[in-house]
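Let's take a walk through this structure together. Have the sequence and the 3D view at hand as you read.

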Amino acid sequence: MSKTESALFINIPVELQEVKSVHSIGGLEFEADLPAALFHLHLITTDIANWKATSEVVVVFHTNAGHVTLDDAAYNSSRNIATGNPYKKLVADLIDIGVNVELCGATAKVNGWGNADLLPRIKINLDAMARTIQLVQRGFVKIE
């Protein structure tokens, strides 16, 4: 397989003036060692900044991805390791650029996680399904 780069021409350019999206993340899929959901969130937020668009971007972690929102101690306990949360900087970077990061309350409850177990600035919603429905009814596009 050749490592030479081919020319790339974008046939369908996209530029939006407003973005309202809710990203429902129930499990992590990886592109190399990076969770694809976090990579894609950085990609769309970069696009939004380049377009100078107004935006509301919400990501709801739930089910098998809820641990992304945990602080180091809770992450270690939940994952039975001692490395700390490897996603904490990526999550903090998203929050810094305006993404609202939420944890499903039902996921937190079933795992015994409280607010004190979370990374700074993470919010807990009632549950991922209700929150996603609420946002879709407010005009947000659902991304999985």
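Is the crossing of α1 and α3 left-handed or right-handed? The crossing of these two helices is left-handed, a term used when the near helix is turned anticlockwise from the far one by less than a right angle, with clockwise being right-handed.

Before going further, a word on the basis: this is a predicted model, where local features need pLDDT of at least 70 and side-chain atom pairs count only at pLDDT 80 or more, while totals for chains, interfaces and linings use all residues. Residues are numbered from 1 along each chain as its sequence is written, and side-chain values use heavy atoms, leaving out hydrogens and water.

Now for the overall layout. The chain has five helices and seven strands, which are DSSP runs numbered from the N terminus (helices: H or I, at least four residues; strands: E, at least two). Along the sequence their order is β-β-β-α-β-α-α-β-α-β-α-β. The C-alpha atoms fill a box of roughly 50 × 45 × 25 Å along the principal axes.

Back to our helix pair. Helix α1 (residues 36–51) packs against helix α3 (residues 88–96) at an angle of about 25 degrees, and their axes lie 11 Å apart. The two helices therefore count as roughly parallel, the word for angles under 35 degrees. Leu38, Leu41 and His42 of α1 meet Leu90, Asp93 and Leu94 of α3, with contact meaning heavy atoms within 4.5 Å.

The whole structure holds five salt bridges (a side-chain nitrogen of Lys or Arg within 4 Å of a carboxyl oxygen of Asp or Glu).

Methods
Axes are lines fitted to C-alpha atoms, for helices over the stretch in contact, and angles run from 0 to 180 degrees between N-to-C directions. Angles under 35 degrees count as roughly parallel, over 145 as roughly antiparallel, 65 to 115 as roughly perpendicular and the rest as oblique.
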